[in-house]
Amino acid sequence: MTIVRLLRSVLAPRPASRTRPRAIRLAVEQLEDRLTPSTGGVLDPTFGSGGQLFSSFSNNWDGANAVVAQPDGKIVIAGGFNPLNSKTGSDFLLARYNADGTLDTSFGSGGHTVTDFGSSGDNANAVALQPQADGTSKILVAGMTASKKGIGEVALARYNANGTLDTTFGTNGKVITSLGGSATEWVTAMAVDSSGRILVAGYTNGNPNVSGDAATVLRYTANGALDTSFGSGGKLITNVRILVHADHSVGIALQPDGKIVLASQTLDSAASAWEFITARFNTNGTTDSTFGSGGVVTTHVGNSDEFGGVAVQGDGKIVVGGSEMGGSPFAYYLLRYNADGSLDANFGTGGTVAVQAPGGFPIDVRSSEVVIQADGKILAEGEFGDAARQYNHLGAVRVNPDGSVDTGYGNGGWASAPFGNADVQAIALEPDGRLLLAGIGYPIGISRPKDVFLVRFLGSAPQVGSFTASPNPVPSGGSTTLTASNITDGNPGATVTQVAFYLDSNGDGVLDAGDTLLGDGSADGLGNWLLNVSTAGWSATDLVFAQAEDSDGVFGDPDPLTLTVQ
């Protein structure tokens with residue numbers, strides 16, 4: 001902040017109706033943000049502690065590998081539970097939170113439940129809601145368990161709304177599936193189709209019929225039996241050969257027509273580097289030959305491409321996210337494909353978008369999800385270090401439907417929060433547009449134990465719908481009343497607390513540090529904010545701005561108005 005701006009902000013006259021003194025605002029809100037309009041991406045002060053929380057369920061480590069938002073605003077996470085000296089080793093962890101971030105004590109035992117599949121290596125990597133005919137939803141959790149021979153198998157469980165295992169599903173609420181032989185199956189993602197069938201994606205290694213690691217999909221009926229109409233007896237070992245890099249190395253998404261999209265990374269042998277690979281399958285598990293070459297598309301955009309998520313838009317276009325980890329410049333990549341697998345030329349540059357993290361620091365991706373808002377904007381998670389590499393910044397980048405960065409979101413398109421040591425493992429959109437990040441870590445200043453963390457960002461900002469001046473034109477040396485009205489705010493429970501009016505002093509047509517704060521408006525109780533200003537010394541034609549702030553401390557886009565002085 002410049003000294004001129006600070007003095008101007010402190011000394012500018014304030015209407016008597018203002019409810020908060022400027023000195024308090026300077027201390028806690030960093031006035032720079034007032035001139036940085038937001039379209040969301042600010043930590044939600046109504047959630048946890050300042051928008052983030054940690055939950056410890058054991059004396060060793062707990063982690064969230066997946067998160068989903070219920071329609072009622074409650075939040076469900078799934079992951080791992082591994083206390084010291086446990087007789088069962090690591091187990092499935094499932095927990096539910098209220099909308100404010102407190103644990104939902106009506107769920108399980110004090111808000112969480114732990115499920116043992118009989119091995120010392122149980123871990124949940126995916127969670128989904130399965131709508132029921134009565135309007136409620138069951139909770140599905142998928143992961144991995146180790147057999148008595150040490151071979152990884154698919155573990156699937158279904159829970160009732162209160163956190164108890166649903167005994168009508170599988171065997172007492174659990175299903176364990178082996179691919180046979182000595183193959184180890186790793187579960188990375190899950191989806192539920194419009195018929196309630198359950199698709200579990202992952203990869204297999206050690207299968208005698210497959211060289212290397214291959215992406216796999218298993219499909220179950222709504223009640224947990226293998227769907228024999230899919231693949232081979234409900235199991236599909238695909239022709240997609242991948243390179244494993246994390247728990248979420250394979251992502252799955254369903255098209256509106258029911259076709260199945262898998263995405264990951266593979267080896268570009270010519271370049272000796274990683275590249276993105278995307279494949280599509282028909283609803284019965286056969287390869288969709290209308291997509292790419294033999295149902296597969298590979299795309300190389302950086303030095304070494306690391307997969308980070310896949311989603312399908314309502315129009316059927318496919319969005320794949322990931323990062324560049326092979327060298328500078330480090331960037332987060334988004335790619336969008338048409339229905340036939342060709343890159344969408346109307347997205348970014350030739351179908352690809354590269355976004356650098358604030359400061360240009362390396363970006364890592366861990367989740368298996370990219371999410372798409374109702375308005376077509378795309379969100380993808382990532383994490384990056386600070387300049388001193390002392391702690392991580394966990395965050396998400398948002399781009400517009402054409403691939404341009406939504407610069408009003410967070411900091412230049414990135415919503416982020418600093419942590420001591422943490423990995424983002426999952427991302428989810430709440431029904432009201434707020435964004436959730438979940439994972440495992442510990443806060444700054446703490447070293448152990450590692451715990452579940454959740455971060456929530458606001459998805460919106462207050463916007464002025466109508467901005468007028470009366471009179472306009474204004475007689476030379478006269479005054480006019482500025483009125484901002486029809487102000488909307490998509491942040492749940494938020495109210496407009498102030499509207500500030502600015503004069504475009506430097507004439508550049510944008511609200512910035514070179515402009516003059518005319519004053520803060522007074523509310524008339526009818527949804528209007530008014531400020532009477534003198535135009536003495538103004539130019540013949542001037543640009544003024546109205547900018548709203550809400551009770552969450554979020555500033556909206558400045559609304560411009562041309563004022564004529566005669």
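**Figure 1. Strand β29 and its two partners.** Four bridges tie strand β1 (residues 52-55) to β29, and the two run antiparallel. One of the pairs to look for is Ser 55, whose bridge partner in β29 is Val 452. Strand β28 (residues 435-442) also pairs with β29, this time through seven bridges, and again the strands run antiparallel. Here Gly 441 stands opposite Asp 451 of β29. How many residues of β29 (residues 451-457) are buried? Seven of the seven are, so this strand is largely enclosed by the rest of the structure.

**Figure 2. The whole chain, for orientation.** Before going further in, a quick step back: this is a predicted model, and its secondary structure comes to two helices and 37 strands. The protein has 566 residues, and 55% of them count as buried. Take the contacts with a separation of 6 or more: 55% of those in the protein join residues 24 or more positions apart.

**Figure 3. An open sheet of four strands.** The strands here line up in the order β30-β31-β35-β34, with antiparallel pairing. Which strands stand at the edges? They are β30 and β34 (522-523); each has a single partner strand, so one side of each is left without a neighbour in the sheet. Five bridges join β30 to β31.

**Figure 4. The largest nonpolar core.** This core holds 20 residues, and the ones touching the most other members are Val 464, Phe 467, Val 499, Phe 501, Trp 538 and Ala 546. Strands that each supply at least two residues of the core are β30 (466-470), β31 (479-485), β32 (496-503), β35 (529-534), β36 (541-550) and β37 (559-564). Zoom in on Val 499: setting aside its neighbours within four places in sequence, its contacts include Ala 484, Ile 487, Trp 529, Ala 546 and Ala 548. Gly 519, Asp 520, Gly 521 and Gln 547 are also in contact with Val 499. A second, separate core has 19 residues, including Ala 189, Ala 191, Ala 201 and Ile 242.

**Figure 5. Trp 186 on strand β10.** Trp 186 sits in strand β10 (residues 184-192). Is Trp 186 buried or partly exposed? Its relative accessibility is 32%, so it counts as partly exposed. Apart from its neighbours within four places in sequence, Trp 186 is in contact with Met 144, Ala 201, Gly 202, Tyr 203 and Asn 205. Look for Thr 216 as well: it is 30 residues from Trp 186 along the chain, with 8.9 Å between their C-alpha atoms.

**Figure 6. The largest pocket.** This pocket has a volume of about 1,100 Å³. Its lining is made of 35 residues, and Val 68, Met 190, Ala 191, Glu 369 and Val 371 lie nearest the centre. Elements giving two or more residues to the lining are β2 (61-69), β6 (123-131), β10, β14 (251-254), β18 (305-312), β23 (370-372) and β27 (421-429). Which strand gives the largest share? That is β6, with six residues. By class, the lining has 27 nonpolar, seven polar and one charged residues.

Key:
Residues are numbered from 1 along each chain as its sequence is written. This is a predicted model: local features need pLDDT of at least 70, side-chain atom pairs count only at pLDDT 80 or more; totals for chains, interfaces and linings use all residues. Side-chain values use heavy atoms; hydrogens and water are left out. A nonpolar core is a set of buried Ala, Val, Leu, Ile, Met, Phe, Trp, Tyr and Cys residues joined through side-chain atoms within 4.5 Å. Buried means under 20% relative accessible area, exposed over 50%, partly exposed in between (1.4 Å probe, protein chains only). Contact means heavy atoms within 4.5 Å. Two strands pair if DSSP finds at least two bridges between them. On a 1 Å grid over the protein atoms alone, a cavity is a set of points where a 1.4 Å probe fits but cannot get out, and a pocket is an open set with protein on both sides within 12 Å along at least five of seven lines; lining residues have an atom within 4 Å of a point. Grid points are joined across faces, edges and corners, and a volume is the space filled by probe spheres set on the points. Ala, Val, Leu, Ile, Met, Phe, Trp, Tyr, Cys and Pro count as nonpolar, Asp, Glu, Lys and Arg as charged, and the others, Gly among them, as polar.
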